[in-house]
Amino acid sequence: MSGNQSRPKVVVTHWIHDEVVALLERYGEVVVNETRETLPRAEILRRARDAQALMAFMPDHVDEEFLTACPRLRVVSAALKGYDNFDVDACTRHGVQLTIVPDILTVPTAELALGLLLSLTRHLHEGDHFMRSGGFQGWRPHFYGTALTGRTVGIVGMGAVGRALARRLSGFDVDILYADRLRLDPAKETSLSASYTPFEELLERSDIIFPLLPLTPQTLHLFDAACLARMQRGAILVNVGRGSLVDEEAVAAALQSGQLAGYAADVFEMEDWARPDHPRQVPQVLLDDTTHTCFTPHLGSAVDEFRLAIELEAAHNIIQTLQGQKPAGAINCPR
């Protein structure tokens, strides 16, 4: 839309479904990124400098500089759950409402975590490549993998995704351990077939570990060389939480030494824009190791019906704010 400056301007940094655009257009002038690529930060700032609302996504980084350049902003609606790329305190100081979508991503993320584990342990990606390369001539004793039955799985962080993953793992006849700041009540532990275990003990007992924590200064590189050394030799690490929960260089070294048998990930350190020192790419040594790794390009919530629901909730957070209401996904109280 264009022209009518009496209507609030809403900038959407990434592609969204047409029905979400139509909903937002009922309440303001909408400027959408119609490509499937991330716009340069300078272009986003150009579009948002006179905007009242911003719908933002994982690749975006909203900080003091961004907010200063966009003085009319009233709401930043993040279409995601983890918000470490968004400066909450700066939003509050600038009088900007910051909102997230806390729950809709849970199920697809848990499903993908399980899919990554199965692909890694049963060599599904390698087998697919082998088939397509023309090498298949019938059964041969190749690509022997690892069964899940009887294994011990450790979940670090028993939030919504951790609980959803535990429920899905329960059908695989595994022992589930979890570590968290807050212990679940006994009834919940029983329903999830999960046992509370101190973090250090979980490292030592688990065959497979899922880190599912938010990224904070305390969890940055939680899985570093020292932590990986405490894990069972030949353990598997699956990361669908935040890339920087693990030290990717340390993971590469642990794979080369055999300390880790496998690493699967949907999230990577290069995505954590709030880190001034974040890497600019995934270590090449990890990308080259197709035998012991399995990677997906941040597909945790990449399910069409879930993405539509996430966008709609993010849109409603914008609408509620523009109408003077407290949005459902609010995480701060702006001045």
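A: What follows is a short walk through the domains, the sheets and the core.

Q: What should I know before reading any numbers?
A: This is a predicted model, in which local features need pLDDT of at least 70 and side-chain atom pairs count only at pLDDT 80 or more, while totals for chains, interfaces and linings use all residues. Residues are numbered from 1 along each chain as its sequence is written, and side-chain values use heavy atoms, with hydrogens and water left out.

Q: Ok. Which domains does the domain assignment give?
A: Domain 1 covers 9-103 + 304-323, and domain 2 covers 106-295. The bounds come from an automatic or database domain assignment.

Q: What separates their centres, and how many residues are in contact?
A: The centres of domain 1 and domain 2, taken over C-alpha atoms, are 31 Å apart. In domain 1, 12 residues are in contact with 11 residues of domain 2; contact means heavy atoms within 4.5 Å.

Q: What is the strand order in the sheet of 5 strands?
A: The order is β2-β1-β3-β4-β5, in an open sheet with parallel pairing. Strands (E, at least two residues) and helices (H or I, at least four) are DSSP runs numbered from the N terminus, and two strands pair if DSSP finds at least two bridges between them. At the edges are β2 (29-32) and β5 (97-99), each pairing on one side only. On average, neighbouring strands of this sheet are turned by 15° against each other, direction ignored.

Q: How many bridges join β1 to β3?
A: Strand β1 (residues 9-12) runs parallel to β3 (residues 53-56), and 3 bridges join them.

Q: Are the residues of β2 buried or exposed?
A: Glu-29 and Val-31 point one way from β2, Val-30 and Val-32 point the other way, and all are buried. Buried means under 20% relative accessible area, with a 1.4 Å probe and protein chains only.

Q: Switching over: what about the sheet of 7 strands?
A: This open sheet also has parallel pairing, in the order β8-β7-β6-β9-β10-β11-β12. Its edge strands are β8 (194-196) and β12 (293-295). β7 and β8 pair over 3 bridges, and Tyr-178 has Tyr-196 as its bridge partner in β8.

Q: Which strands does α5 lie across?
A: Helix α5 lies across β9, β10, β11 (260-265) and β12, at about 145° to β10. Axes are lines fitted to C-alpha atoms, for helices over the stretch in contact, and angles run from 0 to 180 degrees between N-to-C directions.

Q: Which residues touch the most others in the largest nonpolar core?
A: Ile-155, Met-158, Leu-165, Leu-169 and Phe-210 do, out of 30 residues. A nonpolar core is a set of buried Ala, Val, Leu, Ile, Met, Phe, Trp, Tyr and Cys residues joined through side-chain atoms within 4.5 Å. The largest share, 7 residues, comes from α5.

Q: What covers the buried residues of α7?
A: The cover includes α5, β6, β7, α8 (186-192) and β9. Among those buried residues of α7 are Leu-165 and Leu-169.

Definitions and conventions. Buried < 20%, exposed > 50% of the residue type's maximum accessible area, 1.4 Å probe, protein only.
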